Each structure stands twice: as C-alpha cells, then as structure tokens.
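Please work through the exercises below with the sequence and the model open side by side. Each task is followed by a solution that goes step by step.

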Amino acid sequence: MQGLDIATIANSSMELTLLVLIIGGLLTLITGQRSEKVGQLMAAISLAGAILLNVILLIQVQHGAFIFQSYVWLAIDTTPILTLGFLADGLSVPVVLLITGLGFFSTLFSFSYMKDLKNPGVYYSLLVWFIAAMVGVIYATNLMQFFLFYELMLIPAFILVYLYGVSEDPEKRSRNALQFWVWTAVGGLISLVAVFIIFSQTGTMEYVTQTSPTTLAYLSTSGIATEVAKLIGLIFLLGFGIKLGLVPLHVWAPPVYGEAPMPVLVLLSGAMTKTAAYGVIRIVIPLFGTALSAYSTGLMVISIITMFYGAMLAISQKDLKMMLAYSSISQLGYLMLGYSSMTVIGVNGAAFQLINHGVLASLMFFCAGAIKLRTGTMEFDKLGGLGPKMPYLATIAIIGSLALAGTPPLSAFAGEWMIFAGVAELAISSGVLALVALTVIAVVATGLTAAYYLWAVRRIFYGPVLQELENVNDPPRMILFIGVVLVLFVVVIGIYPWLLWRWVSPALDLITGVLGG
C-alpha cells in the first residue's frame with residue numbers, strides 16, 4: 001500500500017478544499033448556535049485547513065506544472081454531457097490563496113469587530129460558505145460549473161448584507177441588499193447567455209481541457225464567425241463588468257459597500273470582484289481576445305473613465321469607508337485597462353494587480369475598521385492627530401496608502417508599470433495618436449490616487465488631537481497582526497515581484513498566446 005505523500009494529497013486538494021469549507025460551514029452553523037467562541041474557532045479552523053491544502057497545491061504547481069481533475073456530471077449512456085472539472089495552476093492557486101487568506105483574516109477581524117452578534121453561527125457559517133463558492137468559481141474548468149458557483153456565492157453575500165448591514169433602518173438595509181442581489185444576479189445571467197451561445201456554436205462547455213499529462217488547451221473558437229465571437233466576448237464583458245463595478249455598471253457598489261460590515265466588505269471588494277476579473281482573464285482573453293482586439297480603444301476609454309470617476313468621487317468623500325469604496329472602483333479600472341490593451345505585458349500587469357488590489361484594498365478596509373473600532377467613527381471631520389495615539393496602525397495605513405498610489409518599491413508599482421507599458425506598446429505598434437493620449441491620461445490618474453490617499457492620511461493621523469480622542473490607542477493585537485502580515489506581502493512582493501510571478505507567469509503564457517505579442 002502506497003504511503004500518503006504530498007503529491008497524493010495535492011491531487012485531491014481542490015476537492016478537499018471545497019469539502020472542508022462546505023462541511024466546516026455546516027459545523028460552524030451548528031456549534032455557533034450553542035457557543036459563539038466555538039463557532040468562531042470552527043470557522044477559523046475550516047479556513048486554515050483550506051489555506052494549508054492550497055499551500056500544498058502551490059508547491060506542486062511550480063514551473064508551469066498543473067493538476068487537472070475531471071468527473072462526469074451528466075451523461076447519456078457512456079457519453080458525457082457535462083463534467084465537473086478542477087484546475088490548479090500558477091494562476092488559480094494564488095487567487096484561491098488570496099480568497100481563503102482574506103476569508104481567514106476577515107474571520108479573525110470579526111472576533112473583535114462584530115460584537116454582540118445575533119445568531120453568530122449563522123454569520124460565521126455564511127462567511128465560510130461565501131468563500132467556498134468563490135473557490136469553486138476559481139477552480140472550475142466548465143462554463144456551467146463556473147456560473148453555478150458564480151451565482152451561488154450571491155446567496156451568502158446577500159444574507160450577510162441583509163442581516164448584518166450597518167443601517168439601523170431595516171427597510172434601507174433590505175433595499176441595499178436587494179439592489180446588490182438584483183444587479184449582480186443580472187450580471188451573471190447576462191454572462192450565462194454567452195455560455196449558451198458558445199455551447200450552440202461548439203457543442204461543449206469545457207473552456208479548458210487536458211490534452212496530455214503536461215499540456216492544457218483552451219477551447220478553440222476559430223470555427224465561430226468573427227462577428228458572433230465579438231458578440232459573445234462583449235456579452236461576457238458586460239456581465240463581468242457589472243460584478244467588477246465598472247462605470248457605468250457600478251451603481252450597486254457604493255450603497256452596498258456603505259451597508260456591508262467591514263469584514264464582509266473586505267470579501268466583497270477584495271475577493272468577490274476578483275472572481276469577475278478572473279473570469280475575464282481565464283475565459284474572455286484566451287477564447288475571444290483576438291476578436292475583441294478591435295474594441296481595445298473603446299474598452300480602454302471605459303477603463304480610464306472608471307479610474308477617473310472613482311478617483312474624483314473618492315476625493316469628495318467625507319467618510320473614510322466611502323472613500324475606500326470609490327477608490328476600489330477606481331483601482332479596478334486599472335485592472336481592466338491592462339486587459340483592454342490586449343497585449344501580453346498589459347494582461348500580465350492586470351493579473352498581477354488582481355492579486356495586489358485584493359491585498360491592498362483589504363488592508364485599507366481593515367485599517368478603516370480598526371479606526372472605527374477605537375474611535376466610533378470614520379468621518380474625517382471627527383478624526384485627526386491619531387498618529388501618536390495609534391503609531392502601529394498609522395504605519396500600516398501609510399504603507400498601504402503609498403502602495404495603492406503606485407509608489408515603488410511597493411507591490412502595486414510593478415503591476416501598474418506593466419499595465420501602462422501594455423497600453424504604450426499598443427499605442428506605438430498601432431501608431432494611433434489617441435492611444436498615446438490615453439496612455440498619458442492613465443498615468444495622470446495615479447496622481448489622483450496619491451492625492452486622496454495622502455490627504456486622508458493627513459486628516460486622520462496628523463494635526464491636533466480632538467479632545468474626545470485623547471484616550472484612543474492602537475487596536476487589539478489580532479488586528480495589528482493582520483495588518484503586519486498584509487504589509488509584509490506588500491513590501492516583499494514590491495521589492496521582489498518574481499517571488500509571486502514565478503508561479504503566475506507560466507500559467508499566463510498559454511492564456512496570452514492568442515494575443516501574439
């Protein structure tokens with residue numbers, strides 16, 4: 001009998017991750033109804049187990065390696081109709097680690113932030129199931145499976161916003177939650193239309209398959225008429241754009257970001273929006289990148305409008321939480337700008353920012369939550385002079401702010417540089433003057449990001465201390481621990497990006513191969 005080694009565990013780690021999270025969520029629900037502390041512990045253990053399984057996977061998918069698992073889901077006689085497929089490679093595993101890691105930190109943050117919970121077992125189990133559904137999206141290799149998990153994740157997210165939103169008025173809370181549900185569900189259904197068109201054209205829903213022990217292949221769409229391929233790609237982008245919150249499809253995001261409690265908001269902004277960004281890079285780019293290249297300029301204009309719109313509204317906010325909400329919308333514009341360039345370096349930069357923004361947005365939301373926990377407010381006019389009172393948190397928040405502004409040598413710099421390089425490459429290769437102007441405008445947007453983050457730092461941590469804040473001090477050690485871990489990632493990856501890119505780059509080679517440059 002062969003011993004249980006790392007490789008054996010890794011081959012089943014994707015399925016085990018989902019089982020650990022689904023069963024862990026159920027145990028959290030049961031135990032949390034009897035004891036909040038036991039429910040908290042069960043949720044943390046479930047997420048820690050998922051992280052461990054994916055660290056094992058990460059070790060196994062170095063140097064372009066991958067693990068592909070496929071099971072027959074529906075069949076007629078012996079002919080498969082639909083399969084359940086799971087793919088672990090240098091792109092999917094880091095994104096799952098991002099999601100499970102943020103889920104783990106959100107759970108730990110909730111221990112201090114979400115006091116006097118009604119039905120704590122419900123709250124913590126919903127967190128775990130929300131993460132489980134997002135993990136299912138990332139590992140899927142079948143379009144129907146992808147969108148099954150894509151829609152399932154809305155259920156726990158909606159309930160979390162509805163039950164635990166910050167509004168005291170239940171009517172307002174339900175309205176914001178319902179708005180979130182309707183908009184994001186519609187986004188998923190729009191993309192589902194594209195799935196059925198693909199099936200009608202190709203006869204399959206497998207968008208990536210294993211062709212040999214060492215080779216993957218994406219679904220060939222060469223047999224689809226060019227105009228139909230363009231239509232399918234645009235339908236996907238419309239659906240994914242709603243969940244990303246791109247302007248003008250963002251209308252659901254500000255009220256929901258304002259309503260969600262901070263640990264839930266971390267998952268909405270840092271993790272859930274990344275499933276849509278992942279769908280673009282995993283499905284749209286390899287299948288329809290060539291067809292959509294004709295729309296690069298238009299898509300880049302939408303991305304830059306998103307960048308500026310979010311930045312200008314962030315500057316105008318009087319509340320830190322809402323400033324971060326609009327900042328998140330703006331930052332996702334950078335990500336889509338890289339995709340829209342349809343260049344190898346631009347798409348690589350967008351993939352890098354997918355992970356970076358998840359970490360940095362979450363870091364800043366955690367800092368905002370810590371400030372609210374200690375001061376009772378996030379309004380700029382009621383804050384000031386907190387640097388000497390909260391030196392550790394101030395340091396963490398300042399590093400996060402500088403990183404989001406693209407300051408070298410912090411992590412966002414490398415991703416933004418690649419995105420701008422991709423846009424510039426397209427401008428030079430095409431010789432279109434308008435693209436040169438777009439490149440310059442995109443770079444200018446980083447100045448706005450620096451402006452509103454540094455202004456926020458100035459208003460919160462510098463100046464005279466308000467009398468009512470004289471006794472404020474740093475948040476609990478658990479929250480500082482979360483901040484320190486995320487800051488270490490930002491600094492280390494900023495100084496040595498290859499530490500992350502050694503996994504992601506080989507996985508992207510196959511995806512960007514269709515772009516031919």
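The model is predicted, so local features need pLDDT of at least 70 and side-chain atom pairs count only at pLDDT 80 or more, while totals for chains, interfaces and linings use all residues. Residues are numbered from 1 along each chain as its sequence is written, and side-chain values use heavy atoms, with hydrogens and water left out.

**Exercise 1. The pairing of α4 and α5**

Task: Determine how helix α4 and helix α5 pack, and which residues make the contact.

Solution. Begin with the limits of the elements: α4 covers residues 92-113 and α5 covers residues 120-139, where helices (H or I, at least four residues) and strands (E, at least two) are DSSP runs numbered from the N terminus.

Next, take the geometry, for which axes are lines fitted to C-alpha atoms, for helices over the stretch in contact, and angles run from 0 to 180 degrees between N-to-C directions. The axes of α4 and α5 are 9 Å apart and meet at an angle of about 170 degrees. The two helices are therefore roughly antiparallel, a term for angles over 145 degrees.

Then list the contact, meaning heavy atoms within 4.5 Å. On the α4 side the contact residues include Val-95, Val-96, Ile-99 and Phe-111, and on the α5 side they include Tyr-123, Leu-127, Ile-131 and Met-134. The residues of this contact divide into 13 nonpolar, five polar and no charged; here Ala, Val, Leu, Ile, Met, Phe, Trp, Tyr, Cys and Pro count as nonpolar, Asp, Glu, Lys and Arg as charged, and the others, Gly among them, as polar.

Finally, look at α5 by itself. Its 20 residues reach 29 Å from the first C-alpha to the last, close to the 28 Å expected at 1.5 Å a residue, the expected span being 1.5 Å times one less than the number of residues. Of the 20 residues of α5, 18 are buried, so this helix is largely enclosed by the rest of the structure; buried means under 20% relative accessible area, exposed over 50%, and partly exposed in between (1.4 Å probe, protein chains only).

**Exercise 2. Salt bridges**

Task: How many salt bridges are there, and where in the structure do Glu-470 and Lys-389 lie?

Solution. Apply the rule, which asks for a side-chain nitrogen of Lys or Arg within 4 Å of a carboxyl oxygen of Asp or Glu; the count then comes to four salt bridges.

One of them joins Glu-227 and Lys-230, with the closest N and O atoms 3.6 Å apart. These two residues stand three residues apart in helix α9 (residues 226-244), and are thus separated by about one helical turn. An α-helix has 3.6 residues a turn, so residues three or four places apart point the same way. Glu-227 is exposed at 55% relative accessibility, whereas Lys-230 is buried at 15%.

Another pairs Lys-382 with Glu-379 at 3.9 Å between the closest N and O atoms; Lys-382 is partly exposed at 43%, and Glu-379 is partly exposed at 35%.

In the bridge between Glu-470 and Lys-389, the closest N and O atoms are 3.3 Å apart. Glu-470 lies in the loop between α17 (433-461) and α18 (477-495), and Lys-389 in the loop between α14 (344-375) and α15 (391-404), so the pair ties together parts that are 81 residues apart in sequence. Glu-470 is partly exposed at 39%, and Lys-389 is partly exposed at 23%.

**Exercise 3. The surroundings of Thr-375**

Task: Is Thr-375 buried or exposed, and which residues is Thr-375 in contact with, leaving aside neighbours within four places in sequence?

Solution. First locate Thr-375, which belongs to helix α14, and then read its relative accessibility of 18%, by which Thr-375 counts as buried. With neighbours within four places in sequence left aside, Thr-375 is in contact with Leu-383, Leu-386, Leu-469 and Val-472. For Leu-386, the C-alpha to C-alpha separation from Thr-375 is 9.8 Å, and the two residues are 11 apart in sequence.

**Exercise 4. Backbone features in loops**

Task: Where are Pro-248, Pro-409, His-63 and Asn-119 placed?

Solution. Take the prolines, then the other two residues. The peptide bond from Val-247 to Pro-248 is cis, with omega near 5 degrees, and Pro-248 sits in the loop between α9 and α10 (253-259). Pro-408 and Pro-409 are likewise joined by a cis peptide bond, with omega about 5 degrees, and Pro-409 is in the loop between α15 and α16 (411-430).

His-63, although not a glycine, has a positive phi of about 55 degrees; His-63 is in the loop between α3 (36-60) and β1 (67-76) and is exposed at 67%. Asn-119, also not a glycine, has a positive phi of about 55 degrees; Asn-119 is found in the loop between α4 and α5 and is partly exposed at 43%.

How values were computed
Parallel < 35°, antiparallel > 145°, perpendicular 65-115°, else oblique.
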